[in-house]
Every structure is written in structure tokens, then in C-alpha cells.
Amino acid sequence: MVGCLVLTAPLEVFGRGVYRQARRAAAAVIPVALVFIAWDLLAIVGDVWSYNPDFVTGVGIGVIPVEELMFFVVIPLCGLLTYSAVSTILAWLSRRRADRRVSR
Amino acid sequence: MTGLGYTLPAVVAVLIVIAWELRVLRTGLFRQPAYWISMAIVFGFQILVDGWLTKLSAPIVLYNEHHSTGIRFPWDIPVEDFLFGFAMVTAVLLLWVRRGDRERESA
């Protein structure tokens with residue numbers, strides 16, 4: 001999880017970033033996280049999946065491990081950073097192509 | 001296997017997200033190449049991370065096979081996980097893009 005954050009952190013330099021628009025990021029991540037945490041809770045209670053006690057800290061809120069709660073914030077943030085970076089690069093490429101056409 | 005606990009909600013989640021964009025939000029996200037490239041990158045990393053979380057030799061997440069198709073690919077990843085991931089990441093990107101559109105309109 002930390003690896004995902006470290007790996008995607010440099011993507012913040014592209015365009016307007018994600019962490020620099022913290023409110024917009026929170027408004028996108030939090031509502032979706034709440035829905036998926038509810039799903040997660042139902043799945044744990046309904047014995048659809050569970051967590052190997054050997055690999056989680058045992059700390060959590062109710063039956064949901066803290067690692068799982070982090071997952072619902074970290075993965076969407078990584079997704080946003082990826083999308084933000086890809087959009088910026090694509091926009092930059094198309095601008096460069098347009099510039100070249102003009103200079104010819 | 002009944003698939004009711006995981007397969008069905010995973011399929012429904014994907015359909016809800018797609019319907020939400022096409023019928024309600026209409027951000028045009030699905031027409032953007034940047035979205036599909038990003039999803040390809042996200043799926044690539046999901047295989048690495050999820051593969052490690054679900055590997056049957058030392059699984060971190062334990063699935064009750066009664067609730068899924070039992071199909072695990074690649075490695076030991078339940079295929080339902082990809083539907084779950086698609087729905088979650090797409091929903092977040094939709095809210096992000098919608099907010100960006102609104103900011104641009106008000107600017």
C-alpha cells in the first residue's frame with residue numbers, strides 16, 4: 001500500500017496535480033469509499049471474504065481491518081494520480097503536434 | 001458455488017457505474033483515451049498487488065468460494081476483483097471529472 005503511494009507520488013508533478021486539489025480529491029474519493037466500505041462490511045459479515053490474521057495488524061474499526069480501510073483511500077488516489085498524469089501528457093502531446101503543424 | 005455473495009454484486013456494481021455515467025453524469029469519461037489508458041495502467045498494477053494479496057500459497061485475503069465463480073486468473077486472483085476494481089476506480093474518476101467540469105463552468 002505504501003509502495004503504491006510512493007510509486008504514484010511523482011505523478012503529482014503533472015498538470016494541476018491531485019494532492020494540490022485536496023478538496024476535489026476528497027469529494028471524489030470519500031463518497032465512493034463509503035459505499036465500498038459498506039459493501040466490504042456486508043461481505044465480511046456475510047462470510048464472503050475474510051482476512052488472514054497472520055498478515056493484518058488486527059487493528060481496525062469493528063470487523064474491518066485498518067489495512068482495508070486504507071485500501072479504499074490509497075487505490076482511488078493512485079487511480080486519480082494516474083488519470084491526471086495521463087491526461088496531462090496526452091494534452092501536452094496533442095499541443096506539441098499542433099504547434100509543429102503551425103510552424104511548418 | 002452460487003456466486004450470490006461476490007459475483008452478482010460485482011457485476012451489478014459495474015452496471016450501476018456504467019449506467020450512472022451514461023444516464024446521469026454524462027461526463028464523457030468513457031470517450032476519453034486518457035481514461036482507457038489510465039484503466040489499463042491501473043489494471044496492470046492491480047494484477048501485481050492483487051496477485052500478491054490473493055496468492056493461494058500465502059493468502060492475505062481469504063475468499064469463500066461459495067460466493068464466487070471460483071475462476072481465478074491471472075495467478076490466483078478471483079476474476080470478480082477486476083469488476084470490483086473497475087467499479088471503484090471508475091466511480092472515483094467520474095466524481096473527479098464532474099467536479100472539474102463544474103469548476104470550469106463557474107470559472
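This is a predicted model: local features need pLDDT of at least 70, side-chain atom pairs count only at pLDDT 80 or more; totals for chains, interfaces and linings use all residues.

Visitor: Okay, where is A:Asp47 found?

Guide: A:Asp47 sits in the loop between helix 2 and strand 1 of chain A, and it has a positive phi of about 60° although it is not a glycine. Most residues other than glycine have a negative phi.

Visitor: Switching to the other chain, what about B:Trp75, which has a positive phi although it is not a glycine?

Guide: The phi of B:Trp75 is about 50°, and this residue belongs to the loop between strand 1 and helix 3 of chain B. B:Trp75 counts as partly exposed, because it has 14 C-beta neighbours inside 10 Å.

Visitor: And the bond from B:Phe73 to B:Pro74, is it cis or trans?

Guide: That peptide bond is cis, with omega near -15°, and B:Pro74 lies in the loop between strand 1 and helix 3 (80-106) of chain B. Most peptide bonds are trans.

Visitor: How many residues does the contact take from each chain?

Guide: It takes 27 residues from chain A and 26 residues from chain B. On the chain A side, helix 2 (22-45), strand 1 (49-51) and helix 3 (66-103) each supply at least two residues, and by class that side has 19 nonpolar, six polar and two charged residues.

Visitor: How many bridges join strand 1 of chain A to strand 1 of chain B?

Guide: Three bridges join these strands, which run antiparallel, and A:Tyr51 stands opposite B:Val61 in strand 1 of chain B.

Technical notes:
Residues are numbered from 1 along each chain as its sequence is written. Chains are lettered from A and ligands numbered from 1 in the order in which they are written. Two residues are in contact if their C-beta atoms, placed from the backbone, lie within 7 Å. Helices (H or I, at least four residues) and strands (E, at least two) are DSSP runs, numbered from the N terminus. Ala, Val, Leu, Ile, Met, Phe, Trp, Tyr, Cys and Pro count as nonpolar, Asp, Glu, Lys and Arg as charged, and the others, Gly among them, as polar. Two strands pair if DSSP finds at least two bridges between them. A residue is buried if 20 or more other C-beta atoms lie within 10 Å of its own, exposed if 12 or fewer, and partly exposed in between; C-beta atoms are placed from the backbone.
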